[in-house]
Amino acid sequence: MENFRILTIMSMVIMIMYPLEVMGDPGPTLHKLGGSKGWNPNQDVNYTAWSAQEHFYVGDWLLFMFDKRYYNVLEVNKTSYENCNDRDFIKNITRGGRDVVQLTEAKTYYYISGGGYCYHGMKVLVSVQKHQEAAAPAPAPAENFGNPLSVYSGRKITLCSMVFAGFILWGIL
């Protein structure tokens with residue numbers, strides 16, 4: 001009887017967690033800029049091509065790995081990005097050479113390295129999108145209401161299963 005109770009509890013946990021896993025937000029992703037080559041002009045990395053292959057969402061993080069003695073990371077506007085202008089930057093995110101920045105808005109972010117390194121390819125634009133929310137299921141057509149199973153939604157079935165499992169767990173049934 002004890003094994004049956006444990007199995008019932010495990011089944012309830014699975015039934016509760018499965019919808020959260022299927023419909024839940026995957027959470028933020030850490031993107032290492034330039035992959036294994038990092039933020040460095042000597043590695044022959046095309047950061048524009050790298051960025052185009054990635055999918056960035058609100059809440060994700062960018063990791064810049066570089067030698068802070070030579071390079072930096074500046075957030076700039078589009079014009080400064082296009083002209084490699086490091087004078088009027090929005091934010092200097094340089095700290096220790098392993099610096100992260102969170103992408104908090106659905107927009108295009110522009111980053112460059114100052115000191116002339118932008119002209120050597122150390123610039124990247126990152127287009128950030130909102131997470132797409134799961135679409136609500138369409139209501140069943142009126143002609144399907146003759147089927148007794150069509151009345152029960154997944155939530156009702158899950159709730160009924162949990163109540164039934166609870167009755168078994170407490171020895172009522």
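Predicted model: local features only at pLDDT ≥ 70, side-chain atom pairs only at ≥ 80, totals over all residues.
1. Two strands count as paired if DSSP finds at least two bridges between them. The strands themselves are DSSP runs (E, at least two residues), numbered from the N terminus. With that settled, strand β3 (residues 61-65) and β6 run antiparallel and are joined by five bridges.

2. Residues are numbered from 1 along each chain as its sequence is written, and side-chain values use heavy atoms, with hydrogens and water left out.

3. Back to the β3–β6 pair: these strands belong to an open sheet of three strands, ordered β1-β3-β6, with mixed pairing. At its edges lie β1 (30-32) and β6 (98-102), each of which pairs on one side only. From one strand to the next, the twist averages 25 degrees (axes are lines fitted to C-alpha atoms, and angles run from 0 to 180 degrees between N-to-C directions).

4. Strand β7 (residues 108-112) deserves a look too. Four of its five residues are buried, so β7 is largely enclosed by the rest of the structure (buried means under 20% relative accessible area, with a 1.4 Å probe and protein chains only).

5. What does β7 pair with? Strand β4 (residues 74-76) runs antiparallel to β7 and is joined to it by three bridges; here Leu74 has Ile112 as its bridge partner. Strand β8 (residues 123-129) is also antiparallel to β7, through five bridges, and Thr108 is partnered by Ser127 in β8.

Terms used
Buried < 20%, exposed > 50% of the residue type's maximum accessible area, 1.4 Å probe, protein only.
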